[in-house]
Amino acid sequence: VAAPVTKADWEVSCYGNTTVGDTKDHWTVEVVRDAASSDYSKLRTLTTAFRLKHIDLGCYLRAGNVNLPQWGFKQIEVTCVKENRPGDVYTHWNVESHWNEKLPAGDPGSYKSPFFRDFLHLNVAMMTSNNALVPDPDKQDDLASQFWQWPILHVGLRMCGWDDNIVKYFLLGNPAVYWGSTASLGVFGLMVLWYLIRWQRGYAELTPADIDQIHYSGLYPVIGWFLHYLPFVAMARVTYVHHYYPALYFAILTCGFCLDWATRGLRKSVQWGLYAVLYAVIIGLFWTFRAICFGME
């Protein structure tokens, strides 16, 4: 029978018990690799990657990036693929855990595996699982938001139910912090462009220390903001306001650099006056919106 979504593959179903079934219940285990051992004759939890070959049909059990419809609760479709492709990682399986009171406990030292391979595997797995969290077109998600809404503080995020008898919380950033940090990203770009044009025209107004300051205190936070923000622009998954928070930290660092750079030539008294105004604005806005942090009736 053809699979429900991937018609080129066979459908895989579970039925029966230890007494009800036929030869189509039988699979052959083919060990692909073992991260912690060269002994491929044993099946070990976590470290052994293996394939399951259907004896009657000769196909391989596969769970790719295809989701079942709503009747399947959007779970990953499991099929039996007809092509024999040993390099297809979606046909690789492993046993996560195993309990047996008749066997001694496993030796933790036997589960060592190369760090960098695990690092790459974990990040690829996280990216794959995140991309699978696509929004349901048949369901309106009032909590979801788009990436362009975050830097301008266009939406917040409800953190609880709206029952009349509970304290309510709402995730909303400080407008001065959000808008100021977002504006600083553009200000930094214009500042760098300004100095590059003047450098091309022969102005030698920046010392090596100034260039290092722009490099380490300004450029790196901007790069950090892009690296934390762009993945959510490219992702197909459903997104929320809190996904912007790692990038927000870097935007705030950029804002601090721009303020420091713009006021570096002023007298200390003027600097303290400007900083006092900024502190008053930030603290005042926090106090204005304090109910969404501390809870509101």
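Helices and strands here are DSSP runs: a helix is H or I over at least four residues, a strand is E over at least two. The model is predicted.

**The annotated segment**

With those terms, residues 40-98 come out as 0% helix and 36% strand. UniProt, in an unreviewed entry, places the feature "domain: MIR" at residues 40-98.

**Strand pairing**

Strand β5 (76-81) has two partners to describe. β4 (60-67) pairs with β5 in the antiparallel sense, over 5 bridges. Within that pairing, Arg62 stands opposite Thr79 in β5. Strand β1, residues 10-11, also runs antiparallel to β5 and is joined to it by 2 bridges. There, Trp10 stands opposite Cys80.

Strand β2 covers residues 27-34 and holds Val29. Val29 and Phe50 are 21 residues apart in sequence, yet their C-alpha atoms are 6.5 Å apart in space. Val29 has a relative accessible area of 45%. That value lies between the 20% and 50% cut-offs, so Val29 counts as partly exposed.

Most residues other than glycine have a negative phi. Lys74 is partly exposed.

**The largest pocket**

Rolling a probe the size of a water molecule over the atoms shows where empty space is left. The largest pocket has a volume of about 1200 Å³. Its lining takes in 28 residues. Val89, His92, Asn94, His121 and Ala125 lie nearest the centre. Which elements give two or more residues to this lining? They are β4 and α1 (115-131). Helix α1 gives the most, with 8 residues. By class, the lining has 14 nonpolar, 10 polar and 4 charged residues.

**Aromatic contacts**

A pair of aromatic rings is described by the distance of the centres and the angle of the planes. The structure holds 15 aromatic pairs. One of them joins Trp150 and Phe232, at 6.1 Å centre to centre with 75° between the planes. Planes over 60 degrees apart count as edge-to-face, so this pair is edge-to-face. Trp150 lies in the loop between α1 and β6 (157-158), while Phe232 lies in helix α3, residues 208-234. The pair therefore ties together parts that are 82 residues apart in sequence. Both Trp150 and Phe232 are buried.

Which residues make up the aromatic cluster that includes Trp150 and Phe232? Phe147, Trp150, Tyr178, Trp225, Phe226, Tyr229, Phe232 and Tyr244 form one cluster.

How values were computed:
Residues numbered from 1 in each chain as written. Predicted model: local features only at pLDDT ≥ 70, side-chain atom pairs only at ≥ 80, totals over all residues. Heavy atoms only, no water. 1 Å grid on protein atoms, 1.4 Å probe; cavity = no way out; pocket = protein on both sides within 12 Å on 5 of 7 lines; lining within 4 Å. Points joined across faces, edges and corners; volume = space filled by probe spheres on them. Nonpolar A, V, L, I, M, F, W, Y, C, P; charged D, E, K, R; others polar. Buried < 20%, exposed > 50% of the residue type's maximum accessible area, 1.4 Å probe, protein only. Pairing = 2+ DSSP bridges. UniProt positions renumbered as here; feature names shortened; annotations may be inferred. Phe/Tyr/Trp six-rings, centres within 6.5 Å; stacked < 30°, edge-to-face > 60°.
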